[in-house]
Amino acid sequence: MEEQAKIEHLEDALQKYRLIFQHAPLGIYHVDMQGFITDCNKQLAEIMGTEPSAIIGINVLALEDQAYMDAVQDAMAGNLSVYEGTYESILGGKNICLRALFAPAEKNSQGTHEVVAILEDVTEAKEAEEKLRKSEERRQIALENSGDGVWDWHIPSGETHVTENWLEILGYQQEEIDYKIKGFNAYVHPEDRAAVVTQLEAFSRGQVERLNMLFRMRCKNGAYKWFSTIGKMVEWTGLKEPLRAIGTHRDVTEQQQMVEALSESERSKSVLLSNLPGMAYRCEYKDHQWEMTYISEGCYDLTGYHPEKLRLNSSSLKTLILPENMIHPDYREALWEKWLQMMREEHVFRSEYPIITANQQIRWVWEQGRILTDDLGRVKALECFVTDITERKAAEEKNRQLDQLKDEFLANTSHELRTPLNGIITIVESLIKGIGGPLSPEQEKNLQLVRISARRLSALVNDILDFSRIKHHDLRLHLRPVDLYSQVEIIIELLKNQASMKHIVLLNKMQKESPMVLADENRLSQILFNLVGNALRYTQEGTVAITGKVKEDMMTVTVTDTGIGIPEDRLDSLFEYYEQAGLSPEREYMGTGLGLPISRKLVELHGGKLEVSSIVGQGSAFTFSLPLMKSVPDETWERLPDEAKSDTDHTDQSMTVPVLFDNEELLMSHPTGKSGEFTVMVVDDEPVNIQSLMNVLSLKGINVVPASNGEQALKILKGSARPDLCIIDIMMPKMNGFELCKQIRKRFTGFEVPVIFLTARYGEDDIRAGFAAGGNDFLHKPFEEAELIARVETLLNLKKSVEKAMATEIAFLQAQIKPHFLYNALNTIAAYCETESEKAGELILSLSTYLRGSLSFENLQDTISLAQELGLTKAYAEIEKARFPNLKIEYNIEVDDQLTLPPLTIQPLVENAIRHGVCKKKTGGTVRVHVTTNPEGTVILVEDDGVGTEVEKLKKSINQGMCGKHVGLCNIQNRLNRMYGKGLEVESEPGQGTRMKFFIPSEHRS
């Protein structure tokens, strides 16, 4: 009976154990003495994310977690052990936090226990702990870095705890302030104290759950700061009475000052708007509709409507800002579109329009408005100001009418002024040239001033006429291919004197090979002259540079200076008529104000743009563009204004300078004409001009050699058939007429090859630049045939007379055989007659050879053979050697007798070496004559080891003209320059001797 009861009791206990094992909310499993799991419940399988069958049979002593195995082994040894760790769920693929309790169970004879393990998933608890920890960390960090002071108030006792930064804000230490609630009020500003006490009492009694105060508090330094205090009740007693509160204490002094300043600003703004001669208003978007929230008192004076009447309206924005009864229908829609565009693009709204007042009067107003947006960029308000401009509009209309009358008056007056001005200029110039007899210096000076003033007035008249033509669209262009580089060179040549007076360097940075542009040559010159002249006017020193750059089908030209610059607020008005941009009011910076506006219009007529950029104190840059000259310029042509196309047939503009003659080389050697006495070279890039000059000159029996550019002209001049006169067009591509004339003058004087400039320009600067370049005369286009022939024949006859005079130079040189030379030579011969009669006979023959060679008519020829020149030189040298026994003469001749050279060149050099070099040394010396060749030509060198001299002094003597002791050398220098383009090269040094040489190019060998 007892046994049966025990069995039933065991079964009952086993049943209870099984119920606990299967339904416990924890994972339970059994581990045998070998470490294998023999049983587990479903909760364990769910925690591990698998099935019980997958767990049973696992050996826990073979797992990788050493801490887990140590806990199991500790339980097998009979001890209760605990393990905490992380496992990755088998099915869920997530990490779970586990806590396991290992309890020893039945043991064997060796003392090893079976183990029962109870496992709990503590993942959520761990996550909650981590969140709490991080939250506390963030709270601490926020408190430490927020700058706010934190307080904790125990209400029944009045004890208050504060953070350190609470004290730092006020500047106190812990021991320096009574921060308990009773002493706190003593630090509050007297004006705020009553309100603070009232709020604290209500809060401490529980009448309000939250505390929110703004007050001033005294700091340690005695100053008061504004503080914002926020608190909350967090604990109550069992009787529901306030027990504990916490809060923050923030310094808001700066914010409060800003609020006060804003309030003052709003007050000042309201006063200002009330007194402005106009009205201001504000529209705001509130509660999904627009309303007028503010209108200044000036509304009534401007519109006749009271502000309150307009302010009470709530309607669409269009109705509010553009009332139908105030805005004329012709303007209302356009103004609304402008407002919408401003709100889309966030631009400032500016407009002028008429309004209808309450008494039906028309007034013109000017309105400026701006939008205010929220953080999302949505329009939330409009602020606008409107002012009455009726009087200004009436004045503008009156000024427009007066301006029209002024333009007509200026145009008519300018036309009437041109004729008497031209007469004044002509008469004054004739007086200066002496038509009325000789002038005193003072009279000439005064007449020059009259001429300059008259020309300035004439230029002003031309500007006014251009201005009038532009305004009436009556200005026509004559387009053709134009070389910009050449045009710039001409402008620089015309203005270089003006630039040099102010120490300004003019720079042409255009590329010589720049493509041609389609332009009116004279108008392009006018544009450049205005822009460069303007740059010079406002530049005291530095540089003015002209650069060019190709952009698509346009050439962009920039004129840059280092002048005073232009203020930014003046740039917009710079191209208005009668506007000057200089900073200085002094007279030197003043002008008519027409140059830049006319230049811009001329550029626009060409299809380009003129723009400006500037920095005050650093300079300005004016940039304009012109269309490039292309083979088929239809696109460029279509872009030109109608005024530019009316007088020009664009079908002809595709040509560059046509080929006028089929064989240029043949024409260079066989010029046109009747093989007359004189030959004229015509240089022009316009074939029509060349043909017309050829026709006129050929009828007078003058031969004509044509050249289409400067390079071809220089090639002709280097040949043997040198023209007697050149007629040169100034405006030519690549090399302009001024530059060509300068190149000619490097080799030929104005008498040897006279130059007449052919030009369409009449400016004084052009004439001055032409004469400075070496020109002899000017011929204006279109020219009269009689004038052309008269000018050409005058220069040709003058050239002929000068050539006859120059032929006497050789005779002048021959006259340098002074009597004392003959006397010395004859005395030497006489002395030898008594001692060496044979030597005396040789000297007589040498003297005879010398005299015959010096006085020969062959010396009047351009060249003689080298043998003839050396024979004369040796005859002279033999006489001098007889007189000076210490004198030696050496010859090094490496060329044949085919060489020709100007007569009396080597002999005078040898004579100079003997007389002024060797013979001035007591010990004598040696004179060496070298004649050598190279691929380029022949070098003739005469050197001595005499006394030498200062080389600069010697060069100056040789180049100063036909005077002084070096007259023979001057003669040689002139003839060599004329024939070969290069004279003597001189080297000398005191005590070291002298070297003189010249070069004969290979093309001059016979």
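Is helix α18 mostly covered or mostly uncovered, and how many of its 11 residues are buried? Helix α18 (residues 595–605) is mostly covered, with nine of its 11 residues buried. Buried means under 20% relative accessible area, exposed over 50%, and partly exposed in between (1.4 Å probe, protein chains only).

This is a predicted model: local features need pLDDT of at least 70, side-chain atom pairs count only at pLDDT 80 or more, and totals for chains, interfaces and linings use all residues. Residues are numbered from 1 along each chain as its sequence is written, and side-chain values use heavy atoms, leaving out hydrogens and water.

Helices (H or I, at least four residues) and strands (E, at least two) are DSSP runs, numbered from the N terminus. Two strands pair if DSSP finds at least two bridges between them. Contact means heavy atoms within 4.5 Å. Axes are lines fitted to C-alpha atoms, for helices over the stretch in contact, and angles run from 0 to 180 degrees between N-to-C directions.

**The mixed sheet**

- Five strands form an open sheet in the order β18-β20-β21-β23-β22, with mixed pairing.
- Its edge strands are β18 (504–508) and β22 (610–615), and each pairs on one side only.
- Neighbouring strands here are turned by 15° against each other on average, direction ignored.
- β18 pairs with β20 (residues 542–551) in the parallel sense, over five bridges.
- V505 stands opposite T543 in β20.
- Helix α16 (residues 484–501) packs on this sheet and touches β18, β20 and β21 (554–561). The direction of α16 makes about 175° with that of β18.
- Helix α17 (residues 521–537) lies across β18, β20, β21, β22 and β23 (619–627). α17 runs at about 170° to β23.

**The parallel sheet**

- Another open sheet of five strands has the order β25-β24-β26-β27-β28, with parallel pairing.
- β25 (703–707) and β28 (777–780) each have a single partner strand, so one side of each is left without a neighbour in the sheet.
- β27 (residues 755–759) and β28 pair over four bridges. F757 has F778 in β28 as its bridge partner.
- Helix α24 (residues 737–745) lies across β24, β26 (725–729) and β27, at about 175° to β27.

- The buried residues of α18 include P597, K601 and L605.
- Just after α18, G607 takes a positive phi of about 90°.
- Helix α29 (residues 866–883) has 18 residues and should span 26 Å at 1.5 Å a residue. The expected span is 1.5 Å times one less than the number of residues. The end C-alpha atoms of α29 are 26 Å apart, which agrees.
- Among the buried residues of α29 are E869, Y876 and E880.
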